Amino acid sequence: MDFFHAQDNARRSTWRLVALFVAAVVSLVLLTNLLVAAVYAWASNHLQPGRLDLGTMLANLPAGYWATISLGVVGVIALASGVRYLQVRSGGRAIAEALGGRLLQHGTGDLREQRLLNVVEEMAIASGMPVPPVYLIEEPSINAFAAGFGTDDAVIGVNRGTLEHLNREELQGVIGHEFSHVLNGDSRINLRLIAVLHGILFIGLLGRGILYGVGRGAGHGRSRRSGSSAAGPALALGLGLLVIGYAGTFFGNLIKAAVSRQREYLADAAAVQFTRNPYGIAGALKKIGGHSAGSIMRSSAAREASHIFFGQAQRVWLGSWMATHPPLERRIRALDPHWDGTYPVLAANGAAPAQPGAAETAGVAALADVAAPPAETSAAASPVEDALEVLASPDEVAAAVGRLDQSSLDSAVRLIDGLPVALRDAAHDPFFARALLLALVLGGSANHRQRQGAALHQRALVPEVDRLAPLAAGLHEQQKLTLVEMAVPALKQLSPAQYRHFIDDLIGLIKSDRRIDLFEWVLHRVLVKELKPHFEGETRERRTSDLAALRAEALVLLSALAREGGRSPAETGHAFAVGLDALGAEGDLDAADDPNFARLNQALVRLRTVKPLQKPRLIKACAATALADGHVSPREGALLQGIAAALDCPLPPSIYAARRSAEAG
């Protein structure tokens with residue numbers, strides 16, 4: 001799956017959603033005008049009993065009413081959609097919490113929950129995106145979802161039945177399916193669709209409110225005459241709006257079906273590409289077919305979010321025409337053409353299968369007692385070496401953005417398991433994760449470290465920072481960034497006040513030596529990008545389609561990479577020239593030092609607004625600059641990964657891990 005084309009297609013689907021929404025609104029406006037015309041004709045005695053005269057109704061409605069009613073309907077829909085959008089603006093966690101999800105944490109002792117957390121963490125690290133929080137939904141059916149405006153605020157939700165009935169391969173297929181929705185931009189569309197559909201359905205809620213008001217008024221003892229003269233038209237208006245509301249439900253289901261069905265096929269294909277195992281996700285779909293509860297959600301909150309799930313979450317009465325997902329049989333046969341058409345029999349409340357064994361829970365925290373791979377491991381046997389052989393050119397580096405496959409997963413497992421156990425454990429706890437990240441930027445002489453510790457506002461963290469700092473000191477950049485990504489779910493559990501204090505302390509440590517080094521810059525960029533949307537909500541950005549208009553910013557970017565990798569002025573100039581050629585532009589190297597990366601930050605603020613199909617050329621030029629001498633060093637790789645994160649292009653860390661492995665061998 002091509003990440004950049006998928007992102008562009010997602011943006012095009014947004015315009016398709018807008019077109020469908022406009023068509024639905026126009027239909028609702030016309031229906032509401034006709035309803036008000038009929039009620040007005042009846043109330044003013046222009047409509048003869050037993051005779052429906054459309055011409056009479058339209059002719060007797062004052063001209064000014066048409067504009068007022070139309071603007072009123074549009075305003076009500078826009079207001080309702082806007083309010084719902086604000087409610088889901090916090091990202092995927094708003095949906096997970098509305099569904100009654102429970103946030104899972106490492107170390108709970110439940111092997112199935114731990115296996116799920118392992119699978120999600122491995123896939124996130126392998127794809128270069130932050131590890132998303134995972135929620136467990138107490139539903140017996142087999143289902144899952146991904147929700148969020150992007151990789152930074154995405155969450156994964158999984159039903160209890162999914163954990164109880166799927167093995168590790170099947171679970172990997174389901175999670176791979178959900179990761180593809182996040183990486184391809186589907187999750188952003190799905191959240192916007194929830195807000196849009198709420199506005200359409202609000203007309204029916206308004207009609208229900210009018211009926212409720214009429215009923216209360218009749219119950220408060222108004223006279224029969226006044227009740228018959230005033231309540232009759234109001235009752236008719238309320239009933240009419242309720243009927244129109246059902247029409248809105250019809251339009252809403254059509255929109256959901258039109259937007260989501262084809263993308264489910266694409267996500268299934270992406271899951272196979274991720275895991276190289278079509279039978280994993282096919283097995284999960286077969287178990288849905290054989291499960292007494294299937295994939296149906298009991299929660300009433302699942303109705304408006306039915307399009308975000310792995311399987312069909314709501315029963316439909318008009319067949320596949322109104323279904324949000326393709327028929328189960330078609331999805332299975334697309335993955336397993338030789339399927340015999342039978343489903344394994346599973347019971348919703350039957351005996352649970354055996355707990356997963358060590359082979360299924362292997363990886364990440366479940367292997368806390370396994371030592372790191374020995375340094376004498378040969379270069380030929382290193383999985384990270386294999387990754388470098390694949391990513392041997394700038395074109396392949398650009399193609400790796402947003403890509404997840406089995407070799408990347410294997411590399412991620414070994415990378416995570418090679419980290420010190422104490423640091424892995426710290427990354428999974430909200431309190432210790434703060435101490436870990438502060439320890440990662442602690443440096444300099446003993447006196448300097450002591451002054452840094454004394455400057456921390458959160459004094460309770462100081463002993464843990466001191467404990468973790470010696471372990472963190474021996475890590476290289478890739479390992480540090482891996483720990484940062486692993487710590488994201490824990491940091492998202494902080495309160496807003498704790499988050500502000502933590503960021504203040506982190507920035508204070510970074511600035512304590514009056515300069516910002518490379519890792520500190522990358523760390524700050526990654527944290528701001530991944531935590532700010534969670535605590536402050538999504539921000540809209542203006543998009544520009546012309547990368548040529550940002551040539552000056554692109555030159556600043558390539559110059560920064562060339563300066564980092566060049567050991568001499570000649571090497572720096574050569575690296576810049578190679579990157580410039582890949583970009584297809586002309587310009588001069590910016591050789592001046594950028595001690596606090598101020599120029600680079602300003603350049604990235606504008607470059608991140610480039611449309612998806614413009615970004616491959618930019619990533620390719622960056623990779624060409626870093627690879628000008630034939631390899632990517634850990635420092636170049638860290639800078640490249642920080643740049644890719646700032647550009648919303650998740651880049652697997654394996655592109656620069658092999659250099660260190662080769663040097664160690």
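Reader: By what definition is a salt bridge counted here, and how many does the structure hold?
Author: A salt bridge is a side-chain nitrogen of Lys or Arg within 4 Å of a carboxyl oxygen of Asp or Glu. The model to which this is applied is a predicted one. By that criterion, the number of salt bridges in the structure is 16.

Reader: How much confidence does the predictor place in the protein on average, and what share of its residues reach 70 or more?
Author: The mean pLDDT of the protein is 78. Over residues 358–391 the pLDDT is below 50, although this stretch has 61 contacts in the model beyond near neighbours in sequence. Residues 657–665 also stay under 50, with 15 contacts beyond four places in sequence. For the protein, the share of residues that reach 70 or more is 76%.

Reader: How many helices and strands does the protein have, and what percentage of its residues count as buried?
Author: The protein has 28 helices and four strands. Of its contacts with a separation of 6 or more, 79% join residues 24 or more positions apart. Among the 665 residues, the percentage that counts as buried is 53%.

Reader: Are Glu113 and Arg102 buried or partly exposed?
Author: Buried means under 20% relative accessible area. Glu113 has 5% relative accessibility, so Glu113 counts as buried. Arg102 has 36%, and therefore counts as partly exposed.

Reader: Which residue forms a salt bridge with Arg160, and which residues make up the network?
Author: The closest N and O atoms of Arg160 and Glu138 are 2.9 Å apart in their salt bridge. Arg160 lies in helix H6 (residues 160–165) and Glu138 in the loop between strands E2 (134–137) and E3 (144–147), so the pair ties together parts that are 22 residues apart in sequence. Arg160 is buried because its relative accessible area is 17%.

Reader: Which residues does Ile142 contact, leaving aside its neighbours within four places in sequence?
Author: Ile142 is placed in the loop between E2 and E3. With a relative accessible area of 1%, Ile142 is buried. Its C-alpha atom is separated by 8.5 Å from that of Leu166, 24 residues away along the chain. The contacts of Ile142 are Gly161, Thr162, His165, Leu166, Lys287, Ile288, His291, Gly294, Ser295 and Leu346.

Reader: How many residues apart in sequence are the parts tied together by Asp268 and Arg331?
Author: The side chains of Asp268 and Arg331 meet in a salt bridge, 2.9 Å from N to O. Asp268 belongs to helix H9 (residues 224–275) and Arg331 to helix H11 (residues 328–335), so the separation in sequence of the parts they tie together is 63 residues.

Reader: What accessible area does the nonpolar patch on the surface have, and which residues form the patch?
Author: Val26, in helix H1 (residues 3–43), has 45% relative accessibility and therefore counts as partly exposed. The patch has about 320 Å² of accessible area together, and the residues that form it are Val18, Val22, Val26 and Leu30.

Notes:
Residues numbered from 1 in each chain as written. Predicted model: local features only at pLDDT ≥ 70, side-chain atom pairs only at ≥ 80, totals over all residues. Heavy atoms only, no water. Patch = residues over 30% accessible without salt bridge, like charges linked within 9 Å, V, L, I, M, F, W, Y side chains within 5 Å. Areas by Shrake-Rupley, 256 points an atom, 1.4 Å probe, with all protein chains shown as cover. Helix = DSSP H or I, 4+ residues; strand = E, 2+ residues; numbered from the N terminus. Buried < 20%, exposed > 50% of the residue type's maximum accessible area, 1.4 Å probe, protein only. pLDDT = per-residue confidence, 0-100. Contact = heavy atoms within 4.5 Å.
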